[in-house]
Amino acid sequence: MTRTPRRIPRFTTTRRGWLAGMAAALAAPGARAAATGWPQRPIRMICPFPAGGTTDILARIAADILAEALGQPVVVDNRSGAGGNIGAAQAARAEPDGYTLLLSSPGPLAINGFLYNDPGFDGLRDFAPVSQVAEVPNLIAAHPALGVKTAAELIALAKRQRIAYGETSLGGTTHLAAELFRLQAGIEAEHVSYRGSAAMMPDLLAGRLAYGVDNLPSILPHVRSGALVGIGMTGARRWSGAPDIPAIAETLPGYEVTAWFGVVAPRNTPDAMIRRMQAALAAGLARPATMQRLADLGASPIGDAPEAFAARIAAEHAKWGAVIRDADIKLQ
C-alpha cells in the first residue's frame, strides 16, 4: 500500500522580515516589562502640590493601592511650586521605566500651558495617562463674620464693598473657579493666591479673607465644624454628601468647575506597566472601604482606562484654553 505524503503548509518569509518581526516582538512593551520583572524597587509618585491638600490626600490613597497590588513601596514625593509645574516637569523628564509617576490635578495637564510661557513640559504630549483616581467639586466658603450665607448675598456684599478672596492653586481649578465666579457675578475683589490649602486656611479661618475656594475634601471639614460658611459647590449640581449646600449654578446658571485627579507616567512608559497599574487602581478604588474613604472626603472614585483619561485631558485642555482666552486671565 502506497501512502500519499501529507502536505505540510509552506510559509515563506525573508530573513530581513523574520529579523524585523523578532525585533518588534522583543521591543514590545509587554516583552520589556516581563524581561525586567518590574517592579523590583520602590516607585516614586510625585505630588506637585504641598502636603495636606486634596492632591496630596489622593496621591497617598493611590500610592497605597498600587503598593499593595505591585508588592513594592510607592513613596509620595511632594514637589510643589509654580502651579504644579515644578513637580510635573520632574516627572516629565524622568526615565520611562515605571519607577516615576505623577498624581496630577487638571492644572499641570490641561491648564498651565495657557498660563505660563514655559511650564517646562507639555501636558498633552509628555505623559502617558494611567487612570483617573477621583473627581471632586470645589467649594466656595466664607468667614462667618461676613454675615452672608448664600452666593447671592456674597455677590451683593462684594458689589457694596471691596473684599478679598483666596484660592489654593494658581492656574488650577480653584483659581479658575474663583475667577469664573467673579466674572459671572460681575464683581471686583482682591485676589490672593496661596500655595495649597495649608497656606490659605489660616487666613480664611482668621477672617483675613472674606471667602476662599478650595477642593471639597480640604475645606468641607471647616464648614461642618461651623468655622466657615458653605456658600456653594462649584459642580453643576449639589453634592449628595452635603445636600444643604447649594450649587453656585443655582445662582449663576451655567457655572461649573470640577476638579479631577489622576495618575500619569512619563511618555513612552511601557504599555504593559500602564495597564497593570490601571487595573490595580480600578480594583482598589472599587473596594467598599476605599469608596467610603473617598465619600467622606467628598470625592467620587473613577479608575477609568488610559484612553478615557487621555480624552478627558484633551477635552479639559480645549475648554479651559477657551475660558482663559475669553476672560483674559493672566498670571501676575
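Modeller: A cavity is a set of grid points where a 1.4 Å probe fits but cannot get out. Please keep in mind, as we go through this chain, that the model is a predicted one.

Biologist: How many cavities of 30 Å³ or more does the structure hold, and what volume does the largest cavity have?

Modeller: The general idea is that rolling a probe the size of a water molecule over the atoms shows where empty space is left. Here the structure holds 1 cavity of 30 Å³ or more, and the volume of the largest cavity comes to about 170 Å³. Its lining is made up of 18 residues, of which Phe49, Thr55, Thr168, Ser169 and Asn215 are the closest to the centre.

Biologist: Which helices and strands each supply at least two residues of that lining?

Modeller: Helices α3 (54-70), α5 (106-111) and α7 (173-185) each do so, as does strand β7 (211-215). These elements belong to a chain that has 12 helices and 10 strands.

Biologist: How should I read a strand such as β8, and is it mostly covered or mostly open?

Modeller: As a general point, in a regular strand the side chains alternate between the two faces of the sheet. In this structure strand β8, residues 229-233, is mostly covered, with 4 of its 5 residues buried. Strand β8 pairs with strand β4 (residues 127-142) in the antiparallel sense, over 4 bridges, and within β8 the residue Gly232 is the bridge partner of Ile140.

Biologist: Is Ala156 buried, partly exposed or exposed?

Modeller: Ala156, which has its place in helix α6 (residues 151-160), counts as partly exposed because its relative accessible area is 32%, a value that lies between the cut-offs of 20% and 50%. The C-alpha atom of Ala156 is separated by 9.3 Å from that of Ala185, although the two residues are 29 apart along the chain.

Biologist: And for the chain as a whole, what share of the residues is buried?

Modeller: Of the 332 residues, 51% count as buried, while the chain exposes about 15,400 Å², with carbon and sulfur atoms supplying 53% of that area. Among contacts between residues at least 6 apart in sequence, 77% join residues at least 24 apart.

Notes
Residues are numbered from 1 along each chain as its sequence is written. This is a predicted model: local features need pLDDT of at least 70, side-chain atom pairs count only at pLDDT 80 or more; totals for chains, interfaces and linings use all residues. Side-chain values use heavy atoms; hydrogens and water are left out. Buried means under 20% relative accessible area, exposed over 50%, partly exposed in between (1.4 Å probe, protein chains only). Contact means heavy atoms within 4.5 Å. Accessible areas come from the Shrake-Rupley method with a 1.4 Å probe; for residues, only the protein chains shown count as cover. Two strands pair if DSSP finds at least two bridges between them. On a 1 Å grid over the protein atoms alone, a cavity is a set of points where a 1.4 Å probe fits but cannot get out, and a pocket is an open set with protein on both sides within 12 Å along at least five of seven lines; lining residues have an atom within 4 Å of a point. Grid points are joined across faces, edges and corners, and a volume is the space filled by probe spheres set on the points.
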